[in-house]
Each structure stands twice: as C-alpha cells, then as structure tokens.
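Hi,

Here is the model I promised to pass on. Have a look at it first, and then read my notes below.

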Amino acid sequence: MLKRTIAVASKDLTLAVSGGQGLVQAVLLGLLLIFMFSLSKPLGGAISPQAAGAIFWLASAFGLVLVFNDLFAIEEANGARIGILSSPAPVHSVWVGKGVAGLSLLLISQLVFLPATVAFLGQTVYGPWWLLLVTLIAADIGLVVIGALLGALSQGQAARESLLSVIVFPLLLPVLLAGITLFGFCFSPDEVEGLDKWLGLIFAFDCLFSGAGLFLFPFVYSGEE
C-alpha cells in the first residue's frame, strides 16, 4: 500500500505543479483575501493578533477547497477514476496519496500566506516558533483529511461542483477555531495559557476524522461506479 500511496501522491503533485491551476488559484485567492482584509486595518495601527490568525486560516481553508477540487477533477476529466477502481491498488492508498499531495500543496500556499499576513496585516511572530509549526502541521492534517474525503464526494456530477465548498466549512470549524486561537497567541507578545487544550482539540479532531476517512472513503470514492 505504501508504494501505491507514494505513486498516487507523486502523480498528483506532478500534474498539479505542471498544470498549476489549483495551486495558483489557491495562492492568488489567499493573497487577495489577505490584502482585502488589510484594507480594514486602522490608519497607523494594526489588526488584532486573533483577527490576523482568522484571516490566515480563512485563506488556507479556501485554498484547501481549490486544491482538492483540482486534484479530483483531473481524474474525473480523463475518466481515470474507473481505471483506479479497477486496479488492484487499495482504495485507501488513493485517499492517503491525495492527502499527502494536498498537504504539500497547502503548505506551499501557506509559505506565501504567512509572510503576507505579517506584512499586510502588521503582525510580528513573537513565538514560540515550535507552537507555530506544530499548529500549522497539525491543523493542516485535519484540513486535508476532510478535504481528501469530501473532495471525492463532490466529484462526478456537474451539479455537485460546488458541494465541497458548501459542506467542508462547518466540519472544519473546530480545527479552524483552534488554529485561529493558537496563531493569535503566536502573534501576541502577552503570556498565554490553555495551549494544551487547543492543541488537544486539534489532535482529537485529526484522530476522529482520520478514522472516519479510513472507513468512509472506499464507499465515497466508488459510490457511483
């Protein structure tokens, strides 16, 4: 399964980078959101740390939708999903492979979003840096677990093209709320408390939806075939 997972992730990353549509759209949309929200910054002042964290994660969530729509649309457009389902490769390798590819593309987007948040929204990363990195990776895993599952659900019919963007945000609220709060801590010079509770919420979210994805993805991905 590991070899097939690597093959799926490599194939998706190659197509995404060569075509670049989903990644470029995600980066441009995220930058546009950050810039537009920066216009609400008080004259000579700065947006609050928690508001800046909310804008960063909002840009990431919209980027997630575009990335996974693109990853699954590639196969739908070429009828490759039937071939994948007919192959001996475990269906779970598709889910994990697309999750790895989506995580890589999302992190690339956020490498652009984070400096833009600091520059346009007048923020300073006070740290601790380990908290910023742990929050980024753990929250992104939660995002891509949901994105890889619901991305498959949203493909297959033209009438469902926007389904991912409609149903993904309510499910992402817990991990987005935790990410916003923890990034607010990182952007604030004040001492903070309760980090363990918010980190625990993210890890619990990751575990819960990883288990749900492992169980549901074979039914979602092959439901119409």
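The protein chain has eight helices and zero strands, where helices (H or I, at least four residues) and strands (E, at least two) are DSSP runs numbered from the N terminus. Read from the N terminus, the order is α-α-α-α-α-α-α-α. Keep in mind that this is a predicted model, with local features needing pLDDT of at least 70, side-chain atom pairs counted only at pLDDT 80 or more, and totals for chains, interfaces and linings using all residues. Residues are numbered from 1 along each chain as its sequence is written, and side-chain values use heavy atoms, with hydrogens and water left out.

On burial: of the 225 residues in the protein chain, 44% are buried, meaning under 20% relative accessible area, with exposed being over 50% and partly exposed in between (1.4 Å probe, protein chains only).

Now the helices. α5 (residues 91-120) has 30 residues and reaches 42 Å from first C-alpha to last, close to the 44 Å expected at 1.5 Å a residue; that expected span is 1.5 Å times one less than the number of residues. Just after α5, Gly-122 takes a positive phi of about 65°.

α5 also pairs with α2 (residues 21-38): their axes come within 10 Å and cross at roughly 20°. Axes here are lines fitted to C-alpha atoms, for helices over the stretch in contact, and angles run from 0 to 180 degrees between N-to-C directions. The two helices are therefore roughly parallel to each other, as angles under 35 degrees count as roughly parallel, over 145 as roughly antiparallel, 65 to 115 as roughly perpendicular and the rest as oblique.

Then there's α6 (residues 129-153), with 25 residues and a reach of 36 Å, close to the 36 Å expected. α6 is mostly covered, with 18 of its 25 residues buried.

The UniProt record (unreviewed entry) annotates "transmembrane region" at residues 12-39, 51-74, 95-122, 128-151, 163-186 and 198-221; such annotations may be inferred rather than shown by experiment. In the model, residues 51-74 are 100% helix and 0% strand, with end C-alpha atoms 35 Å apart. For residues 95-122, the figures are 93% helix, 0% strand and 38 Å between the end C-alpha atoms.

Last, the cysteines. Counting pairs of cysteine sulfur atoms within 2.5 Å as disulfides gives zero disulfides. Cys-186 is buried at 0% relative accessibility, whereas Cys-207 is exposed, with a relative accessible area of 60%.

Cheers
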